[in-house]
Amino acid sequence: MSPLKLAAIPLLMFGFGFALVPLYDVFCDITGLNGKTGRIEAAEIDASQVDTSRTIEVRFLANTNTGLPWDFQPLVKKMEIHPGQVYEAVFRVRSASDRTTLGQAVPSVSPGLAAEHFNKTECFCFTEQELAGRETLDMPVRFVVGTGISDNIEQITLSYTFFSLDKG
Amino acid sequence: MIFNKLSRRFLVVVTGLVSMFSMSAARAEYELNMTQGVTPISQDIYSLHMLVFWICVVIGVVVFGAMAWSILHHRKSKGAVAANFHESTTIEIVWTVVPLLILIGIAIPATGTLLDLEDAKTNADITLQVTGIQWKWKYTYVDEDVSFISSLAQSSRDVMSDPTGNENYLLEVDEPVVLPINKKIRFLFHSSDVIHAWWVPELAVKQDSVPGFINDSWATIEEPGIYRGQCAELCGKDHGFMPIVVNAVSEAEYEQWLVSKKEEAAAAAASAEQEWSMKDLLARGETVYQANCSACHGPTGAGIPGAFPAMTGSPLVLGDAAGHIDVVVNGKAGTAMAAFKGQLNDVDLAAVVTYERNALGNSVGDMVQPSAIKNAR
Amino acid sequence: MYTETTHDAAHGEHHDHGPAKGLMRWVTTTNHKDIGTLYLWLAFIMLLYGGSMAMIIRLELFQPGLQWVEPHFFNQMTTMHGLVMVFGAIMPAFVGLANWLVPIMIGAPDMALPRMNNWSFWILPFAFTMLASTTFMEGGAPAFGWTFYAPLSTTFAPDTTDFFIFAVHLMGISSVMGAINIIATILNMRAPGMTLMKMPLFVWTWLITAYLLIAVMPVLAGAVTMMLTDRHFGTSFFDAAGGGDPVMFQHVFWFFGHPEVYIMILPAFGVISAIIPTFARKPLFGYSSMVYATASIAILSFMVWAHHMFTVGMPVAGELYFMYATILISVPTGVKVFNWVTTMWKGSMTFETPMLWALGFIVMFTIGGFSGLMLGVAPVDTQYHDTYFVVAHFHYVLVTGALYSIIAAFYYWVPKWTGHMYDEKLGKIHFWWSTIAVNVLFFPQHFVGLAGMPRRIPDYSLQFAEFNAISSIGGFAFGLAQVFFLYIVIKTIRGGEKATAQVWEGATGLEFEQLPSPPPYHSFTEAPPVR
């Protein structure tokens with residue numbers, strides 16, 4: 001094998017290192033590896049599919065990370081839900097600063113195996129959120145837990161963490 | 001001749017090892033093996049560990065035995081003449097298949113234990129959120145509105161130059177986490193800065209706490225007692241100094257403890273309503289500073305150049321009080337500066353800001369009252 | 001390329017002209033033997049540098065309490081010790097052995113790309129100078145572990161991390177160039193008759209290792225590049241705030257890191273497979289199964305990376321897969337050990353120094369393999385992960401495994417390289433001294449790990465005190481033994497009993513059968529006959 005052909009391998013593998021990033025996301029979508037949740041359109045939900053024989057406890061957690069002067073809480077701490085039905089949970093965020101601040105929420109679902117069946121029709125995640133000084137805002141999440149979820153899961157945790165986007 | 005020398009050396013090594021073992025066995029505090037722990041899972045893990053260990057011992061005896069045999073008997077000095085075989089398909093198939101079968105024998109119980117370990121089937125009785133913070137743990141009983149910080153006890157900090165005789169050195173905290181026995185406890189792990197790992201060997205719980213993500217694990221403690229652990233993932237300078245203490249008690253004692261924690265929180269809220277004097281703020285501020293800030297910013301406020309900024313002469317500290325409060329209360333994104341709003345109460349925060357402004361070589365002259373902190377949360 | 005490298009053969013009448021004189025000989029050399037020597041010396045210097053950091057670590061851990069260094073400096077020591085030993089000592093030592101041995105084992109006049117060879121070596125001293133210089137900068141050397149997990153190494157790291165990133169890039173470029181050179185040499189420059197399945201196993205293991213290198217070093221380069229852009233150019237590959245994932249860093253890192261482990265051990269298998277048959281006076285048992293075992297270990301190494309991450313919160317299906325794949329590796333590894341033992345069986349063994357080191361390798365590498373099997377069992381790894389049990393495991397594999405094979409290789413081939421026999425008595429003292437010390441050093445670490453001592457901590461509770469003290473004593477003794485080794489190396493280079501061409505009674509292979517000791521500066525300018 002000529003050295004030039006060999007040199008192509010490291011170049012390809014360097015590219016592959018970066019390709020691991022989207023590949024990892026695809027892998028996570030399939031397996032729920034990192035607890036990232038799915039998102040579906042409201043129209044896709046089939047109301048007849050509700051499985052009332054099963055009850056799952058969904059718990060809500062809210063965290064703020066460093067640098068963000070926000071108080072962030074779920075209005076209800078937990079809900080009993082049936083797979084297939086759409087529910088709404090509200091999170092309240094309040095700025096304790098006098099200036100305008102910017103944050104962004106990152107969701108996470110645990111256990112990982114539940115994440116692939118945890119779908120949100122409305123969500124405030126991954127979008128920049130601006131709060132004026134001392135503003136309070138209620139943010140709804142509408143979600144449905146797929147009926148295909150494993151029988152081994154009776155308890156799910158949905159967590160949001162707000163990260164600061166303020167530069168400086 | 002060589003053989004005699006060899007065997008003598010071997011004997012020395014063996015007796016050395018044996019005396020090491022026996023001296024260890026003689027004193028209980030020398031632990032040689034993994035703990036059996038106090039949860040059903042920890043017992044399973046211990047049995048699995050011993051199973052794999054003994055399989056390794058048996059394989060080791062066979063392989064090293066064959067090696068020792070040929071070293072002793074097939075040596076040139078004993079007149080051994082080399083055979084010339086160098087291939088045998090049968091024997092190579094045998095020693096591929098037999099290890100495979102042994103591995104299957106390990107994989108079956110391991111799979112069972114792993115499935116139990118990852119169980120999310122039954123609802124937990126208690127949910128405890130554990131947040132890793134450089135370099136302490138925050139515990140939140142999510143259904144009880146009880147939340148506190150647990151960090152290395154002062155008794156350990158005081159004796160670092162010579163800890164001789166300090167029982168539970170580095171394994172003692174100021175505020176242990178209290179849990180009832182015979183209840184299923186679900187732990188939810190989260191981090192506010194870097195990756196930490198919460199590990200208590202007796203509970204067989206070791207899980208990373210990752211910023212932005214939630215991890216979970218569970219335990220049912222069967223024996224009351226005090227169980228100690230440590231952070232298991234390198235998380236910066238004081239990684240070795242963020243212990244965990246779990247105090248497992250009866251359910252009644254647990255309920256009692258919850259009540260007292262809530263009373264404590266109410267009392268702290270009441271004291272935040274008062275006006276504080278400069279003298280009281282400075283005295284309290286010094287304690288808070290040494291416990292929470294000095295690890296990075298230094299006991300005298302000198303910091304660590306290039307890593308952690310100095311307090312003495314810091315433009316932020318010497319500047320407007322509101323900016324100073326903002327950084328202490330909310331932390332600074334993208335740096336190691338944590339948000340202390342979730343860690344300290346209004347009085348402590350007011351005291352430490354006042355202390356930083358008027359001690360450690362600074363003299364701004366103003367005072368920060370707890371009410372100013374409350375306004376900034 | 002072939003024509004260029006064999007140009008010395010073209011004017012063969014003065015083919016044995018010696019090296020240039022003075023310092024410039026070493027700076028400008030394109031001779032595989034010179035470059036091999038340079039690599040080996042660099043590796044030795046780095047071994048002593050990384051070792052001195054290990055001495056500081058063991059000194060601080062000698063007794064509980066903080067007596068000698070600050071925790072932040074301690075973290076710099078553990079990090080730099082790991083980086084220097086992996087990238088500075090073990091890997092260059094094997095590249096040095098490959099440079100010296102591959103051409104003379106396959107009957108080639110030199111490496112395929114001699115000028116690039118010079119460059120791949122001379123990048124390294126600069127890379128390591130840059131890395132080491134961070135110790136004296138504001139902010140200090142890297143302190144986030146040799147695995148540099150984000151976000152500790154990105155958002156929370158000092159400015160000196162950029163020097164670390166650049167140094168890793170340089171090491172990667174050097175390794176990739178070295179690996180391309182080795183593959184090109186093995187595939188294109190074998191003497192007529194030297195078919196692939198006639199090559200010595202050292203050449204085979206290096207061929208496979210070189211493919212691993214060019215496949216995974218660029219992934220490491222990608223990981224540090226992502227770190228760099230996260231730190232300075234506003235990307236968020238590993239930052240949850242921007243939609244990234246810190247756990248993904250671990251996946252990318254270990255996608256490099258696990259094959260890297262085999263990069264450091266496969267050439268060792270080659271060395272041991274050369275030494276055991278020589279001193280057992282019996283051909284290697286199962287040559288072809290050794291080749292296949294090496295290849296399957298290399299392939300499996302790409303599929304097991306997440307067994308380093310059993311506690312990050314993977315779904316149970318992932319943990320099951322990585323557990324099964326991991327313990328499966330013990331099958332081909334076991335085949336190798338069984339083959340070596342069977343090679344000894346019914347042999348006619350003698351126990352010169354290289355054989356002692358090789359036997360030490362087999363025993364202690366197998367112990368490391370056993371703890372590796374234990375670590376691979378995912379539920380139990382909950383208790384082992386990030387404890388001293390892991391530290392004991394990888395030091396058994398890398399010190400009594402990789403390093404022992406390098407020292408064995410030195411004693412085995414140094415008479416060939418220099419024409420002088422080493423001092424047999426000193427070599428044996430070196431072996432027994434090192435072997436006792438290294439077990440006193442690392443064996444107790446199994447116990448403290450099982451008893452609950454996490455790794456990478458500068459101080460510990462009193463229950464771990466006795467074993468840590470024992471371990472430190474073993475550490476100092478082992479460190480001193482390697483200074484003694486330095487004396488043996490210099491003594492052997494400067495003189496000693498004259499070595500014969502075959503050196504060892506049972507030695508086979510082109511380097512022992514067709515070349516004098518020492519070989520001429522330009523050897524095999526005409527292809528040797530291959531049996």
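Arg99(A) and Asp326(B) are joined by a salt bridge, in which the closest N and O atoms lie 3.0 Å apart. The structure in which this pair is found is a predicted model. Between chain B and chain A the count of salt bridges is three. Polar contacts link 14 residue pairs between chain B and chain A, with both residues of each pair at pLDDT 80 or more.

Several elements of chain B supply two or more residues to the side that touches chain A: strand 1 (126-133), strand 5 (184-191), strand 8 (215-220), helix 9 (321-330) and helix 11 (370-376). Of these, strand 5 of chain B gives the most, with four residues.

The extent of the contact may be considered next. It draws 35 residues from chain A and 33 residues from chain B. The size of an interface is often expressed as the accessible area lost when the parts come together. For chain B and chain A, about 2,600 Å² is buried between them, and 44% of this area is on carbon and sulfur atoms.

Attention may now turn to the surface of chain B. A nonpolar patch is formed there by Ile93(B), Val97(B), Leu101(B), Ile104(B) and Ile108(B), which together have about 490 Å² of accessible area. One of these residues, Leu101(B), is located in helix 3 of chain B, which covers residues 89-117. Leu101(B) counts as exposed because its relative accessibility is 56%, and the cut-off for an exposed residue is over 50%.

Technical notes:
Residues are numbered from 1 along each chain as its sequence is written. Chains are lettered from A and ligands numbered from 1 in the order in which they are written. This is a predicted model: local features need pLDDT of at least 70, side-chain atom pairs count only at pLDDT 80 or more; totals for chains, interfaces and linings use all residues. Side-chain values use heavy atoms; hydrogens and water are left out. Patches are made of residues with over 30% relative accessible area and no salt bridge: like charges are joined within 9 Å, nonpolar side chains (Val, Leu, Ile, Met, Phe, Trp, Tyr) within 5 Å. Accessible areas come from the Shrake-Rupley method with a 1.4 Å probe; for residues, only the protein chains shown count as cover. A salt bridge is a side-chain nitrogen of Lys or Arg within 4 Å of a carboxyl oxygen of Asp or Glu. Buried means under 20% relative accessible area, exposed over 50%, partly exposed in between (1.4 Å probe, protein chains only). Contact means heavy atoms within 4.5 Å. Buried area is the accessible area (1.4 Å probe) that two parts lose on being put together, summed over both. A polar contact is a pair of N or O atoms within 3.5 Å; within protein, one must be able to donate a hydrogen and the other to accept it, and residues adjacent in sequence count only if both atoms are side-chain atoms.
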